Amino acid sequence: MGDGGARGGFYVGLGLALGSSAFIGSSFILKKKGLLRLCRRGRARAGQGGHAYLQEWLWWAGLLCMGIGEAANFAAYAFAPATLVTPLGALSVLVSAVLSSVFLNEQLNVHGKIGCVLSILGSTVMVIHAPQEEEVSSLESMAEKLKDPGFIVFAACVLVSSLLLIFVAGPRYGQSNVLVYVLVCSAIGSLSVSCVKGLGIALKELFSGKPVLKEPLGWVLLVCLVICISVQINYLNKALDIFNTSVVTPIYYVLFTTAVMTCSAILFKEWQHMVLNNIIGTISGFLTIVSGIFLLHAFRDVPFTPDLLPLFLQGRADPHSLWRSTDRHQSCQHQPLLPSEDKGSRSTEEEEGEEGESV
């Protein structure tokens with residue numbers, strides 16, 4: 001009976017995680033559409049500190065979808081371990097990549113399609129090898145976990161690194177390096193998952209008739225969750241406004257999943273109850289997802305289609321000319337990560353010309 005209940009919770013958590021991925025993947029597209037509309041109107045962009053997106057209904061629709069997805073994700077963590085729920089976020093990468101190619105005219109080439117398949121396969125492997133029993137089942141045990149010195153050190157490192165990224169690296173590199181704002185979202189996100197797990201357990205105890213509302217830990221977790229989500233939304237908006245959606249989404253997934261798995265291993269110690277083959281399967285599945293994410297990201301601007309494969313094999317297609325033609329058609333939704341070499345060379349030539357004139 002107990003084993004049947006545990007497996008039932010496992011599949012409930014699995015279903016909620018799958019639904020969450022669909023809503024969250026769609027939310028990226030709606031938010032990006034809203035930010036692009038503001039860009040065309042000449043309004044202050046989120047990447048430049050503006051908050052005009054609060055007046056755009058598409059952005060609010062995206063936020064609603066993300067809220068539904070996060071609510072499903074919230075419930076999933078109450079029924080299943082974080083090691084199972086978090087990796088399924090790869091499906092939101094697939095949803096976002098496919099929808100961005102349809103609605104945002106962002107390219108999804110052969111490499112991207114292979115990356116989507118690898119993400120699905122890696123997620124499946126991780127689900128198969130994930131632990132099926134909850135490590136923390138009550139708010140009292142959650143409080144004991146939060147007092148663990150290992151988790152305290154981890155949380156302190158997350159907070160300090162996030163502050164450095166926000167106040168030191170952000171003003172210098174936030175407009176040119178996608179990792180700055182995404183790292184903030186991922187690091188803070190690992191703490192938000194811990195809060196979600198604790199609140200999910202509190203809600204389960206509340207529905208079972210226990211006086212959870214009198215426990216201060218539940219309210220502390222709620223306040224921390226609101227703060228973490230606010231920070232995530234703010235800096236995710238900045239990253240989405242500056243960089244391509246197909247870049248932000250996969251990188252955010254890889255960093256966020258890594259941070260959550262690390263936090264889960266430290267706080268809930270789920271990995272201690274996994275046998276060797278499940279540990280190897282989980283790591284292999286995650287590396288497979290990372291490979292798929294890499295294909296989605298690294299070759300996003302290569303206009304490679306199956307029709308061009310014979311030409312590439314015969315050496316009759318020049319990839320450099322294709323890349324240059326792609327760069328010429330970049331818009332505000334395809335802003336480059338770093339300044340192009342052509343711009344750098346032109347600025348150098350202009351400086352040399354000015355020096356020559358002054359001499």
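## A tour of an all-helix model

Of the 359 residues in the protein, 46% are buried (under 20% relative accessible area, with exposed meaning over 50% and partly exposed in between, for a 1.4 Å probe and protein chains only). You are looking at a predicted model, in which local features need pLDDT of at least 70 and side-chain atom pairs count only at pLDDT 80 or more, while totals for chains, interfaces and linings use all residues. Residues are numbered from 1 along each chain as its sequence is written, and side-chain values use heavy atoms, with hydrogens and water left out.

**Stop 1: the whole chain.** Switch to a cartoon view. The protein shows 14 helices and 0 strands (DSSP runs numbered from the N terminus: H or I of at least four residues for helices, E of at least two for strands).

Stop 2: Select I24, E70, N73, Y252 and F256, the closest to the centre of the second largest pocket among its 30 lining residues. About 570 Å³ of space lies here. On a 1 Å grid over the protein atoms alone, a pocket is an open set of points where a 1.4 Å probe fits, with protein on both sides within 12 Å along at least five of seven lines; lining residues have an atom within 4 Å of a point. The volume is the space filled by probe spheres set on the points, which are joined across faces, edges and corners.

Now colour α1 (2–41), α2 (57–79), α8 (179–207), α9 (216–242) and α10 (245–267): each supplies at least two lining residues. Which helix gives the most? That is α2, with 8 residues. Colouring the lining by type gives 19 nonpolar, 10 polar and 1 charged (Ala, Val, Leu, Ile, Met, Phe, Trp, Tyr, Cys and Pro are nonpolar; Asp, Glu, Lys and Arg charged; the others, Gly among them, polar).

**Stop 3: a surface patch.** Select L203, L206, F207, L213, W219, L222 and V226, a nonpolar patch with about 710 Å² of accessible area together. Here α8 and α9 are the elements that give two or more residues. Patch residues have over 30% relative accessible area and no salt bridge, with nonpolar side chains (Val, Leu, Ile, Met, Phe, Trp, Tyr) joined within 5 Å; areas come from the Shrake-Rupley method with a 1.4 Å probe. Zoom in on F207, in helix α8: it counts as exposed, at 70% relative accessibility.

**Stop 4: a salt bridge.** Finally, show K210 and E205, whose side chains meet in a salt bridge at 3.8 Å, N to O (a side-chain nitrogen of Lys or Arg within 4 Å of a carboxyl oxygen of Asp or Glu). K210 is partly exposed at 45%, whereas E205 is buried at 6%. A search of the whole structure finds 1 salt bridge.

Note on methods: Patch = residues over 30% accessible without salt bridge, like charges linked within 9 Å, V, L, I, M, F, W, Y side chains within 5 Å.
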